[in-house]
There are 2 protein chains.
Amino acid sequence: MALGKNYEGQNCSLARALELVGERWTLLIVRDAFYGVRRYGDFLAHLDIPRAVLADRLATLVEANVLQRHRYQDSPPRDEYLLTDRGVELWSVIYPLWSWSERHFGEEEPLRTFRHVACGTELDPAGRCPACGGEVSPGDVEAHSGPRLPARPRRDPVSVALRQRPHRLLQPLF
Amino acid sequence: MALGKNYEGQNCSLARALELVGERWTLLIVRDAFYGVRRYGDFLAHLDIPRAVLADRLATLVEANVLQRHRYQDSPPRDEYLLTDRGVELWSVIYPLWSWSERHFGEEEPLRTFRHVACGTELDPAGRCPACGGEVSPGDVEAHSGPRLPARPRRDPVSVALRQRPHRLLQPLF
DNA sequence: AGGGTTGGTTCGTTGAATGAACTGACTAGG
DNA sequence: CCTAGTCAGTTCATTCAACGAACCAACCCT
């Protein structure tokens, strides 16, 4: 399972985008960043991704200014990976893709819902709030677990935290 | 360059979606289907994709009911690949990704614009029409070439046709 | 000094993408 | 009828990325 990088000569912004976020694992890393995952070890445990691939993707995303690396303690030196504005704007891609998959391949009951934090209403397929009638920025979205439970629930700390309580996107998970 | 297929155990619709449309080349094939590309040979010439990979992706997309295979002549037998409703709904993923890339990595002048066919207004980043104020289905979108021209323009028939005149999405290119 | 945690890097193996060659069904032209 | 050409693939050897286990380095705590 590999996803290549170059779609040169396509003269197309979509191809350019896919060279960056179309690589295997990349969009799941960004999804986790929306969930508030920030540390290498947490991405690793939540994604079951090979360590070398994770390091490579994080470096690529930082270089593309989708993530920024931020030193949050000095001793021992520890960095966290945060979404930049450019990264946050990927919500308009990630949510519709999630929603498309949920509509077409999901069970009747979803494993997760995304709700407008101001009113608790589930987002529509375009990511807007049907009650308030407008766009909802990801910072105003809360991820709720259930109603359905996964057949084989994951036991890594990220999955556990997300199952335990609703979580506002972009806020740190721990 | 390879993109793997399985993200098992993720308990996430996004991962499920990426197993299908996250494979290398797949989203570019779907993009071409929106442009009205329908035949194996045209996908091949427009994408510079290895023949075996194209055949594999088309079969996968047909099996997932994103594309449908339609016999359009009997002698010699020829099939075309058309977007299903499920495939058409991917517009809500493809356009925002194109738009994100255009905003963040594009030049001042784009190579292409997408306009609401009813009023000629360029779509906003969410894919809505700022003039009419509502959602625009891909069948009501026209792809316009320019204002900028590509540095090294492609000469395959699909690229030429798309440069020559505005083209309504989902309509056959030839 | 020893053991644990975190965040990587290294490297041999596996598997997918690549691209050139080949195939088979059919048509068109001479 | 024979030959050339088109279209839509399949086959196969090579290349390259993903995988995953092992290793490493910095730092902490006791």
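I start with A:His116, which is buried because its relative accessible area is 12%, and the cut-off for buried is under 20%. A:His116 sits in strand β3 of chain A, residues 112-116. What is A:His116 in contact with, leaving aside its neighbours within four places in sequence? The list is A:Thr121, A:Leu123, A:Cys129, A:Cys132, A:Val136 and A:Asp140.

Before going further, a caution: this is a predicted model.

Now the overall layout of chain A. It has seven helices and seven strands. Along the sequence the pattern reads α-α-α-α-β-β-α-α-β-β-β-β-α-β. The radius of gyration is 17 Å, close to the 16 Å that the globule rule gives for 174 residues, so chain A is as compact as a globular protein of that length. Taken along the principal axes, the C-alpha atoms of chain A fill a box of roughly 45 × 40 × 30 Å. Of the 174 residues in chain A, 51% are buried. As for contacts in chain A between residues at least 6 apart in sequence, 52% of them join residues at least 24 apart.

A:Phe174 and A:Arg38 are 136 residues apart along the chain, and their C-alpha atoms are separated by 9.2 Å. A:Phe174 lies in the segment after β7 of chain A, where β7 is 167-168. Is A:Phe174 buried or exposed? Its relative accessibility is 51%, so A:Phe174 counts as exposed, given that the cut-off for exposed is over 50%. A:Phe174 still touches A:Arg39, A:Asp42, A:Pro157, A:Val158 and A:Ala161, not counting residues up to four places away in sequence.

Next, helix α2 of chain A, residues 26-34. How many of its nine residues are buried? Nine of the nine are, so α2 of chain A is largely enclosed by the rest of the structure. The buried residues include the charged pair A:Arg31 and A:Asp32, and also A:Leu27, A:Leu28, A:Ile29 and A:Val30. Just after α2(A) comes A:Gly36, with a positive phi of about 100 degrees.

On to helix packing. Two packed helices are described by the angle between their axes and the distance between the axes. In chain A, helix α3, residues 40-47, packs with helix α4, residues 51-63, at an angle of about 125 degrees, and the axes are 10 Å apart. The two helices are therefore oblique to each other. The crossing of α3(A) past α4(A) is right-handed. On the α3(A) side the residues that meet the partner are A:Tyr40, A:Phe43 and A:Leu44, and on the α4(A) side they are A:Arg51, A:Leu54, A:Ala55 and A:Leu58. By class, that contact has six nonpolar residues, no polar ones and one charged.

Helix α2, residues 26-35, and helix α3, residues 40-47, of chain B pack at about 115 degrees with their axes 11 Å apart. Their crossing is right-handed. From α2(B) the contact takes B:Leu28, B:Ile29, B:Arg31, B:Asp32 and B:Ala33, and from α3(B) it takes B:Phe43, B:His46 and B:Leu47. Five of the residues in this contact are nonpolar, one is polar and two are charged.

Last, the backbone in the loops. In chain A, the loop between α3 and α4 holds A:Asp48. Phi of A:Asp48 is near 55 degrees, a positive value in a residue other than glycine. A:Asn65, in the loop between α4 and β1 of chain A, also has a positive phi, near 65 degrees. At 38% relative accessibility, A:Asn65 counts as partly exposed.

Where is the cis peptide bond in chain A? The bond runs from A:Ser75 to A:Pro76, with omega near 0 degrees. A:Pro76 is in the loop between β1 (67-74) and β2 (77-83) of chain A. In chain B, the peptide bond from B:Ser75 to B:Pro76 is cis, with omega near 0 degrees. B:Pro76 is found in the loop between β1 (67-74) and β2 (77-83) of chain B.

That is what I have; I will take questions now.

Methods: Residues are numbered from 1 along each chain as its sequence is written. Chains are lettered from A and ligands numbered from 1 in the order in which they are written. This is a predicted model: local features need pLDDT of at least 70, side-chain atom pairs count only at pLDDT 80 or more; totals for chains, interfaces and linings use all residues. Side-chain values use heavy atoms; hydrogens and water are left out. Axes are lines fitted to C-alpha atoms, for helices over the stretch in contact, and angles run from 0 to 180 degrees between N-to-C directions. Helices (H or I, at least four residues) and strands (E, at least two) are DSSP runs, numbered from the N terminus. Angles under 35 degrees count as roughly parallel, over 145 as roughly antiparallel, 65 to 115 as roughly perpendicular and the rest as oblique. A crossing is left-handed if the near helix is turned anticlockwise from the far one by less than a right angle, and right-handed if clockwise. Contact means heavy atoms within 4.5 Å. Buried means under 20% relative accessible area, exposed over 50%, partly exposed in between (1.4 Å probe, protein chains only). The radius of gyration is taken over C-alpha atoms; the globule rule is 2.2 Å times the number of residues to the power 0.38.
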